[in-house]
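Please look at the sequence and the 3D structure below before reading on.

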Number of protein chains: 2
Amino acid sequence: MQKVLMKDALCMEGGQGESSYIKNSQVQEILDKVQLPRRPGKHLLTAADLGCSCGHNTLIVADAIVEHMTSKLRSSSFEDQDDGDAADPEFCFYFCDLPSNDFNTFFHLLPQHATAAAGNGSGRRYFAAAVPGSSFHNRLFPRQSIDVFTSTFSLHWLSQVPEGVADNRSAAYNKDKVFVHGASQATGAAYRRQFQSDMARFLRCRAMELKPEGVMFLVCLGRPSQAGPTNQGRVQLLCGAMFEESRGDLVEEGTIGREMMDSFNVPVYDPTLEELREAVDVDGSFQINRLELVITSSLAVDDPKDRRAVGRTVANYVRSLLGPLVDAHVGRAVADEIFVRMRRRAEALAEELVDEMRFPHIVCSLSLDRVMKIRAYRLCYMRTTGCILRGSTFSALGGNVLFHYERAKMFGPTMQ
Amino acid sequence: MQKVLMKDALCMEGGQGESSYIKNSQVQEILDKVQLPRRPGKHLLTAADLGCSCGHNTLIVADAIVEHMTSKLRSSSFEDQDDGDAADPEFCFYFCDLPSNDFNTFFHLLPQHATAAAGNGSGRRYFAAAVPGSSFHNRLFPRQSIDVFTSTFSLHWLSQVPEGVADNRSAAYNKDKVFVHGASQATGAAYRRQFQSDMARFLRCRAMELKPEGVMFLVCLGRPSQAGPTNQGRVQLLCGAMFEESRGDLVEEGTIGREMMDSFNVPVYDPTLEELREAVDVDGSFQINRLELVITSSLAVDDPKDRRAVGRTVANYVRSLLGPLVDAHVGRAVADEIFVRMRRRAEALAEELVDEMRFPHIVCSLSLDRVMKIRAYRLCYMRTTGCILRGSTFSALGGNVLFHYERAKMFGPTMQ
C-alpha cells in the first residue's frame with residue numbers, strides 16, 4: 001500500500017504556491033472553540049472521523065486532534081491550578097465508515113497500544129474504536145457523547161442516487177449519463193434536493209450526538225457560487241465526459257447493454273458555499289465559524305509533458321473513485337476496458353488536464369449554537385427518532401459509494 | 001459459514017441432561033446487579049464483549065444483555081414515575097478482540113441499522129463499535145465507562161508463553177511438549193504464575209473501566225479443584241497427547257526439525273475456582289456473586305459409533321483451536337499432515353473420546369466492591385499507568401492465540 005502524506009491527499013499542494021486549506025493553524029482554530037470541562041478530576045475527550053477509510057491519513061488527523069486538545073486541556077488546567085488529573089485527560093477516538101470499509105486493514109495500521117506518552121511515534125494516545133455505520137445520515141453515537149467531529153472528502157457523496165434519475169419515466173431521468181455534471185436542469189434539481197435532504201439528516205444527527213460545546217470540521221468537494229447544479233466545474237466535466245464517452249464506446253460496440261448503462265449513476269454532488277450555508281441555517285443547531293472554497297493546485301504528475309503518464313494518472317484517479325462501483329455494475333473485465341479507453345482519452349487531452357485538474361474544496365467548521373441548542377435538540381430528537389424507526393433508504397448502490405470513494409483518499413491523484 | 005446456536009457453542013448440551021450454565025436466568029441474575037441511573041432524563045448504558053470473535057454468538061449475547069437491561073430500566077422508571085425519557089435508554093455495545101480478528105466479517109453479520117424497536121430481528125437496539133485491542137490485559141476503555149463486561153472462552157488464553165517454557169536452559173522448559181497438560185511441575189508453576197499475572201492485569205484494567213456499579217460475567221475453561229496445574233483434565237490430556245504424538249511422528253520422520261518443535265508452545269491454562277478466587281481477592285476491587293465449575297455433556301457427534309466421524313470431529317475441533325498457530329509455525333502442508341495423523345489417532349480412541357470429551361467451565365460473575373472501590377481505584381491507577389507506559393509483553397505467538405481460539409467459538413466441537 002502506498003503511503004501518502006496528508007498534505008498530498010488533502011491539500012494537493014503543488015507548483016501554484018500556498019493552497020493548504022487544512023494547515024495546522026486552521027485545525028487548531030476550530031479545535032480551540034471546543035469548551036473544555038471546568039470541573040476538577042479526570043477528563044474524557046472524544047472525537048470521531050466520519051468516513052475514515054482505511055489509510056494513514058486518518059491516523060494523522062486523529063493524532064493532530066488528540067495532540068492539540070490534550071495540550072489545550074493541560075495548559076488551561078495549569079492556568080487554573082496545579083490540577084494533575086486534568087493535565088492527564090483520556091481520549092477516545094472513533095473511526096467511522098460503512099461496514100464495507102476494510103477495517104481489518106485499518107486495524108493493522110493502528111498502533112496497537114494506547115499510551116499516555118506524547119507523540120513518540122510508537123503508540124497512540126487515545127482509546128480507539130471503529131463504528132461501522134449504515135450511513136452517517138443516520139445516528140451513529142449516543143446523545144451528547146462527542147467533542148469533535150471531523151469528515152474529509154465524504155459529504156459530497158449522497159446517500160442514494162436521487163429519485164427519478166435512473167427512471168426513464170421521470171423528468172429527472174439522466175439519459176446516457178452517469179454524473180450530474182452536464183445533465184439536464186431537472187436532473188440537477190433532483191441531485192440538489194437529495195443533497196439538501198442528506199445534509200439535513202447529517203446535521204440533525206450530529207447535533208444530537210455532539211456535546212453541548214462540541215465542534216465539527218468538514219471538508220468536501222464543492223463548486224463555485226455562480227455555477228448551477230449541473231456545472232460542477234471544468235475538471236468534473238472533463239473527467240465525467242471522458243468516462244461517459246468511454247462507456248458509450250462499449251455500448252455502441254454491444255459490449256454493454258443499453259439498459260445496464262441506464263441504471264448506473266454516481267451519487268456525487270459538489271455543493272456551493274451557499275447550499276451548505278442554507279442547510280446549516282435550516283437545521284438551526286449550528287453556528288458557522290468558517291466556510292470557504294479553496295481551489296487546489298493543478299494535477300500532480302512527475303512529468304506533465306509525458307502524455308502517457310498524465311493519461312494513466314487521470315484514469316487511475318477516476319478509477320480509484322469509481323472503480324468498485326463500475327466493477328460491480330459491469331464486471332471487472334468490462335470495467336478494465338472502459339478505463340483503458342478513458343486512459344487514451346486522457347492522453348489526448350493531457351495538456352488541458354494538467355492545467356485544469358484543480359479541485360475546489362469546501363472547508364467548513366461549525367459549532368453548536370448554544371442559544372438554539374435546547375430548541376433544536378428537542379426538535380431533532382423527534383425527527384431523528386422517526387428517521388431511525390423508518391430505517392435508511394440508503395440504496396444498494398449508495399451503500400457502497402462512500403467506501404469506494406474513500407479509497408481515493410489514500411491514493412489521491414498521484415496514484416500510479 | 002456454519003451458523004451455530006449459542007447453546008451449542010457455549011453449553012454443549014447433550015444426552016447428559018441439563019448442563020446449561022449460561023441459561024437466561026443466570027445472565028439475568030448478574031445483570032440485575034447493575035445499579036441503574038436514578039436521575040431523570042435520557043440514559044446511556046454500555047456493555048463490552050472481550051474476545052468477541054466474529055460469529056453469531058456474540059450478537060446473541062449482545063441482544064440478550066441489551067434487551068434485559070433495557071427492560072429493567074423501563075420497569076424501574078415506571079415504578080418511579082412516568083419518566084418517558086428513562087424508559088427509552090440508549091445502549092452502546094463494544095465488541096473487542098485482537099486486531100487480527102476478522103472484524104470485516106463480523107461487521108457484515110451485524111445488523112446495519114440501530115433501531116429503538118424491540119427484538120424484531122431486523123435491526124439492533126444499540127450503537128455498535130469495535131475495539132481492536134492488543135490484549136485485554138491492557139486498558140481498552142476510558143475510566144468508568146462500562147456498565148457490563150462479558151467474556152466467554154477467552155480468559156484461559158494467557159498473554160504469552162510463560163517465561164522459561166521454551167528455553168532449554170530453564171527448569172520450566174517444556175521439552176517435547178506444547179501444552180501444560182502432563183508437563184513437569186516447574187512448567188506447571190510457570191503457567192500458573194503467568195495466569196495469576198494476567199488475571200491481575202485483567203482485573204486491574206476492568207476495575208478502572210467499569211462504572212461504579214458495573215458487573216462482569218465471565219466464562220472460561222477450568223479444571224477441578226483437586227487437580228494440579230499440569231493436570232488440566234482427561235480430555236485436555238487426551239487431545240494434547242494426540243496432537244503431541246502426531247507432531248512427534250513428523251519429527252521422527254525428519255519432516256519437522258527438532259528446534260522448530262521446541263519453540264512451539266500453546267499458552268492456555270485452565271484455572272481452578274480457587275485460583276480465580278485468589279486473583280480476585282488479591283486485586284481487591286470486586287466481590288464475587290457467582291463462581292462455579294460446570295462439567296459439560298459429552299462429545300456432540302451425530303453417530304458416536306462411527307469412528308471416522310468421531311476422529312474427524314475431534315481433529316477438526318483441535319484444529320479449530322490451534323490450526324492457525326500450527327500453520328504459522330510449520331506451514332500449511334505440514335500442519336495438514338499433523339492433523340491427518342491426529343484424526344487417525346482419534347479414530348482409534350473413538351469410544352473413549354466420545355465418553356471423555358467433557359469440558360469443565362468456570363462461570364463467574366463479579367461486581368465492583370463499593371467499599372473497596374475508592375482505595376482500589378487509586379492503587380489501580382498507579383499500577384496500570386505504569387503497565388501502559390511499559391507496553392505489553394504480548395509475544396508474537398501470544399498475540400494471535402486469542403483470535404485463533406476465538407474462531408473455535410463459532411464452530412464448537414460439532415464442526416465438520
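## Terms and basis

A residue is called buried if its relative accessible area is under 20%, exposed if it is over 50%, and partly exposed in between, using a 1.4 Å probe and protein chains only. By that definition A:F136 is buried, with a relative accessible area of 6%.

This is a predicted model, in which local features need pLDDT of at least 70 and side-chain atom pairs count only at pLDDT 80 or more, while totals for chains, interfaces and linings use all residues. Residues are numbered from 1 along each chain as its sequence is written, chains are lettered from A and ligands numbered from 1 in the order in which they are written, and side-chain values use heavy atoms, with hydrogens and water left out.

## Nonpolar cores

A nonpolar core is a set of buried Ala, Val, Leu, Ile, Met, Phe, Trp, Tyr and Cys residues joined through side-chain atoms within 4.5 Å. The largest such core has 82 residues, and those with the most contacts inside it are A:Y94, A:F141, B:Y94 and B:F141. Apart from it lies another core, of 46 residues, which includes A:F107, A:Y126, B:F107 and B:L110.

If residues up to four places away in sequence are not counted, A:F141 touches residues including A:Y94, A:F149 and B:F127, where a contact means heavy atoms within 4.5 Å.

## Aromatic pairs

Rings of Phe, Tyr and Trp (its six-membered ring) pair if their centres lie within 6.5 Å; planes under 30 degrees apart count as stacked, over 60 as edge-to-face, and the rest as tilted. Over all chains, the structure holds 29 aromatic pairs. One of them joins A:F136 and A:F202 edge-to-face, with 5.2 Å from centre to centre and 70 degrees between the planes. Because A:F136 lies in the loop between strand 3 (127–132) and strand 4 (146–152) of chain A, and A:F202 in helix 5 (residues 185–209) of chain A, the pair ties together parts that are 66 residues apart in sequence. Helices (H or I, at least four residues) and strands (E, at least two) are DSSP runs, numbered from the N terminus. A:F202 also counts as buried, at 0% relative accessibility.

## A charge over two rings

A charge sits over a ring if NZ of Lys or CZ of Arg is within 6 Å of the ring centre and within 35 degrees of the ring normal. The charged end of A:R206 sits over the ring of A:F202, 5.0 Å from its centre, and A:R206 also lies over the face of A:F149, at 5.4 Å from the ring centre.
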